[in-house]
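Reader: Hey, can you walk me through this one? I'd like to start with the pockets and then jump around a bit.

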Amino acid sequence: MEELSHWIDGKRVKGTSGRFADVFNPATGEVQARVPLASKAELDAAVASAAAAQPKWAATNPQRRARVMMEVVRLLNRDMDKLAETLSREHGKTIPDAKGDVQRGLEVIEFCIGAPHLLKGEFTDSAGPGIDMYSMRQPLGVAAGITPFNFPAMIPLWKMGPALAAGNAFILKPSERDPSVPLMLAEIFQEAGLPDGVLQVVNGDKESVDAILDNPTIAAVGFVGSTPIAEYIYSRGCANGKRVQCFGGAKNHMIIMPDADLDQAADALVGAGYGAAGERCMAISVAVPVGDETADALIERLIPRIEKLKVGPYTAGNDVDYGPVVTAAARENILRLVQSGVDQGAKLVVDGRNFSLQGYEKGFFVGPHLFDHVRPDMDIYRKEIFGPVLSTVRAASYEEALSLAMDHEYGNGTAIYTRDGDAARDFAARVNVGMIGINVPIPVPLAYHTFGGWKKSAFGDLNQHGPDSFRFYTRTKTITSRWPSGIKEGSAFNFKAMD
């Protein structure tokens, strides 16, 4: 069985704690590798080494740092197939979905090539008599990222790209469920010219997380995961004087107006609700048709589309719609919530509870589920399921539909399908959610805008990627400069006359 490692000072390093976690193949349920879980001492040693390497990297001019990012983009494209296959083997995503995972991270690295421009300060001449003022954006020092299992390429790249381009050293603590791709990314950065020690990958569990939060050298921490853990990391990190941004859970609503193209809306719901087995923080998990006529017509279109979904391992070809969920525990939690929906009175229109894939009976596969007549007091509506389950909540009016999205504790993403521009503009202006789609089911912004939710989906002042990422990983220094006048009069620049 393969034994994975950490990435310390430019090379793979075996763990010394004696603790390991199993890395599964979700399609078969078999353990395919072991990953070491770092101790506090291992984490602290990696941070100390990063801190020693960071000043030289910070002193490298931004254009040269940007050239490293250029080379990373080339190498990510070169290794796309290899990264996607490794990602699929550990996570369970289809190959096209895995390539999308890498591509979305790559696009943030492309944005980071613009670091020289993004790091420019401001200047005011003659702010007072003989006084000039200017500002500089400088790196924080050592930053850390704690990233989730569901995007093992994209989110580590979202974190490490801006942090490194801004001149910081970076400690990545990836998910222990699918750690191979983050280690491959570290190798790519080294090949691209990143100095040893500037990027460290430390695998671990809660012990490593707490060591990151308590280490006094780490100045900033970024996290993506569930809301309870986001709240824990945010509160403990802030209490230790760190700059912290945490992104938590989601319950994303899609409102379907009576004037919407219902075939288009149904296609969008199937892709956004069931893609990646629903293990996406931007997945649509709640459909809100306005009016019973709209709801009946939508359900009629959804059922055959959902029943035709092909569920299987990534090795079954690119026509597989989604694969297994990441662990047996995740599968059991999804099925438990599905059963709670049945017990609490929702109508299970498409029942995937008895799904079994021949030859993969021990895999972590979950069949697709569709609920109708879901109420806001039900567990399947209130909680993030993170699986292939779509709940339909019928609304009598646009205002009722809008209030559903606004009243939910999560505020990551939402969408509206309509032909009415006035309704779309009103929805975008009023809804208290961070990312809005208008006839777009998964409104993930492009890399040069920022990604972030509202309410209990995000904690902290600044979002991921885009200009906010460079603000998060730098601090501003403002200089007021005054030079006494008259010094230049002390020198003569003409030939003196003969006495």
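Reader: Which residues lie nearest the centre of the largest pocket?
Author: Those are F149, R177, G225, S226 and I229, out of 42 residues that line the largest pocket. Keep in mind that this is a predicted model.

Reader: Fine. How much space lies in there, in the largest pocket?
Author: About 970 Å³.

Reader: And which elements give two or more residues to its lining?
Author: That list is α8, β11 (218-224), α9 (227-239) and α12 (328-343). Of the elements, α9 gives the most to the lining of the largest pocket, with six residues.

Reader: How does that lining divide by class?
Author: The largest pocket has 19 nonpolar, 10 polar and 13 charged residues in its lining.

Reader: OK, what about the second largest pocket, how much space lies there?
Author: The second largest pocket holds about 290 Å³. It is lined by 20 residues, and F151, M154, R280, I442 and V444 are the closest to its centre.

Reader: Which helix gives the most to that one?
Author: For the second largest pocket it's α4, with four residues. Helix α6 (154-165) also supplies at least two residues of that lining, as does α4. By class, the lining has 12 nonpolar, three polar and five charged residues.

Reader: You mentioned R280. Is R280 buried or exposed?
Author: R280 counts as buried, because its relative accessibility is 16% and the cut-off for buried is under 20%.

Reader: Which side chain does R280 meet in a salt bridge?
Author: That of D97, at 3.9 Å from N to O. R280 sits in the loop between α10 (262-274) and β14 (284-289), while D97 is in helix α4 (residues 95-112), so this pair ties together parts that are 183 residues apart in sequence.

Reader: Nice. How many salt bridges does the structure hold?
Author: There are 32 salt bridges. Another of them joins the side chains of K206 and D210, at 2.6 Å from N to O.

Reader: Where do K206 and D210 lie?
Author: Both are in helix α8 (residues 206-214), four residues apart, which is about one turn of the helix. D210 is buried, with a relative accessible area of 14%.

Reader: And what does E399 form a salt bridge with?
Author: With R430, where the closest N and O atoms are 3.0 Å apart. This pair links distant parts of the chain, with E399 in helix α14 (residues 398-407) and R430 in helix α15 (residues 421-430), 31 residues apart. E399 is partly exposed at 41% relative accessibility, and R430 is partly exposed too, at 36%.

Reader: Which residues do salt bridges with shared partners join into one network?
Author: K206, D210, D214 and R236.

Reader: Now the backbone. What is phi of S126?
Author: Phi of S126 is near 55 degrees, a positive value in a residue other than glycine. S126 is in strand β6 (residues 123-128) and is exposed, at 55% relative accessibility. H373 also has a positive phi, near 60 degrees. H373 is in the loop between β16 and α13 (379-382) and is partly exposed, at 41%.

Reader: Last one: which residues form a nonpolar patch on the surface?
Author: F123, Y134 and M136, with about 280 Å² of accessible area together. Y134 lies in strand β7 (residues 131-139) and is partly exposed, at 31% relative accessible area.

Methods
Residues numbered from 1 in each chain as written. Predicted model: local features only at pLDDT ≥ 70, side-chain atom pairs only at ≥ 80, totals over all residues. Heavy atoms only, no water. Patch = residues over 30% accessible without salt bridge, like charges linked within 9 Å, V, L, I, M, F, W, Y side chains within 5 Å. Areas by Shrake-Rupley, 256 points an atom, 1.4 Å probe, with all protein chains shown as cover. Salt bridge = Lys/Arg side-chain N within 4 Å of Asp/Glu carboxyl O. Buried < 20%, exposed > 50% of the residue type's maximum accessible area, 1.4 Å probe, protein only. 1 Å grid on protein atoms, 1.4 Å probe; cavity = no way out; pocket = protein on both sides within 12 Å on 5 of 7 lines; lining within 4 Å. Points joined across faces, edges and corners; volume = space filled by probe spheres on them. Nonpolar A, V, L, I, M, F, W, Y, C, P; charged D, E, K, R; others polar.
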